[in-house]
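Welcome, and thanks for taking a look.

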Amino acid sequence: MKTYLFILLAIVLTIPTRSQIRRCGTDEYMSWWIENRLSPQVKTRWEQDRAKAFNLKNHPQSRRPTQHQMLMNESEMLNMVDETPQEIVIPIVVHVIAPLPGHPANISDEQIYSQIDVLNEEFSREITEADFGRTYPPFWRDRYPKDTKIRFCLADRDPDNKPTRGITRTFSPITEFAWLDSTQAIKFTAMGGKDIWDRDRYLNIWVSIIDSVAGYSPVPVNFIPRSVDGIVVDYRYFGTIGPVSPLLGDGITAIHEIGHWLGLFHPWGEMSDNPDCELSDLVEDTPPTAEPAPFECPTTPFNQAPFSTSLITSDYLFGCGERVMLRNFMDYAPDACSRFFTQGQVNRMRRFLSPGGFRELLPLSEQGCGYGGE
């Protein structure tokens, strides 16, 4: 009984409060790589591509996009999606890293299965007229997608083609991993983490205790090393059962980070904010915004007026003169009110999985499927 009470107390004490939660570290993570790991030549090329993609002021528009523009330029990918897309199945390996077997960070198989369930439920969702109201605003009815035809499962073959459950477990002397860390320790066995499985055959997800952020992911660009190309999620925000946060406990953090891993930006662009409304996520059907939406769910149904909370103005505008798409998976709303991608975002993710896209080899993976959701 004492052991049970100790574990329960540990879980309660390690779930951050609302003021401690940082939804996503991807913008800062990518900025760190650009500032600290790129050669001056590659950094200059990246900045030129970024300026061209976002059409920043005083930038000439005559140069043809480089390979980096695959990420940054929507028009370069318009012919890469079929009108009637085939289903794509992505094998996942979850690398669980905890200090001890009895620590709450050593999450159960059931907690991992609950996350796979959420991924497949949300990526297959089709929003109908009957869904419009509090969760799905009717004024975006033409932007809601059909089934993304992207599915996820736990791999049943490891890199050596041996049977696996798609889950690894590592007990590490590191009690908390830094996310802006020059060693990227969580992704290397020799540093107390776990080595990546081939990023062209698996989506790697590292789940552990992460310093001050719910999750982060690289976006698909060539300058990110293959050895670190996967998403990271704090165990308190992974899945829907077990020691999960009450505010971020619906499995949406992994959806958000997979969005980045498949080429999506935050609605305010790929910087930490967008005060001049110059930037965007390069998806036409998502409205621009100046910065993350308030970390609070609206209390008024979307099919009634005014659209307001204590933190959002009565006309539901935020920064750039349009209604903020607060419930979009790529914004920062709590899990309870973060509920959809747009069709443009779905198209963009599928382009990265299509022939010629950065992640084109994943749909060809032959690593099999174990647990694939209910």
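A residue is called buried when its relative accessible area is under 20%. Please keep in mind that this is a predicted model.

- Let us start with where Thr286 sits: it belongs to the loop that runs between helix H6 (252-261) and helix H7 (343-353).
- Is Thr286 buried or exposed? Its relative accessibility is 9%, so Thr286 counts as buried, given that the cut-off is under 20%.
- The side chain of Thr286 has a polar contact, at 2.6 Å, with the side chain of Asp281.
- A polar atom of the Thr286 side chain also lies 3.1 Å from the backbone oxygen of Val283.
- Leaving aside residues up to four places away in sequence, Thr286 touches Arg143, Asp281, Met325, Asn328, Thr342 and Gln345.

- Ala214 counts as buried because its relative accessibility is 0%.
- Which residues does Ala214 touch, not counting those up to four places away in sequence? They are Arg22, Arg23, Val232, Val233, Asp234, Tyr237, Leu248 and Thr253.
- Ala214 and Ala254 are 40 residues apart along the sequence, and their C-alpha atoms are 9.2 Å apart in space.

**The cavities**

- How many cavities of 30 Å³ or more does the structure hold? There are 2 of them.
- The largest cavity has about 70 Å³ of space.
- Around the largest cavity you will find Glu122, Arg125, Ile127, Pro145, Thr148, Phe329, Arg339, Phe340 and Phe341.
- Sorted by class, that lining of the largest cavity has 5 nonpolar, 1 polar and 3 charged residues.
- The second largest cavity has about 50 Å³ of space.
- By class, the lining of the second largest cavity has 5 nonpolar, 3 polar and 2 charged residues.

Methods. Residues are numbered from 1 along each chain as its sequence is written. This is a predicted model: local features need pLDDT of at least 70, side-chain atom pairs count only at pLDDT 80 or more; totals for chains, interfaces and linings use all residues. Side-chain values use heavy atoms; hydrogens and water are left out. Helices (H or I, at least four residues) and strands (E, at least two) are DSSP runs, numbered from the N terminus. Buried means under 20% relative accessible area, exposed over 50%, partly exposed in between (1.4 Å probe, protein chains only). A polar contact is a pair of N or O atoms within 3.5 Å; within protein, one must be able to donate a hydrogen and the other to accept it, and residues adjacent in sequence count only if both atoms are side-chain atoms. Contact means heavy atoms within 4.5 Å. On a 1 Å grid over the protein atoms alone, a cavity is a set of points where a 1.4 Å probe fits but cannot get out, and a pocket is an open set with protein on both sides within 12 Å along at least five of seven lines; lining residues have an atom within 4 Å of a point. Grid points are joined across faces, edges and corners, and a volume is the space filled by probe spheres set on the points. Ala, Val, Leu, Ile, Met, Phe, Trp, Tyr, Cys and Pro count as nonpolar, Asp, Glu, Lys and Arg as charged, and the others, Gly among them, as polar.
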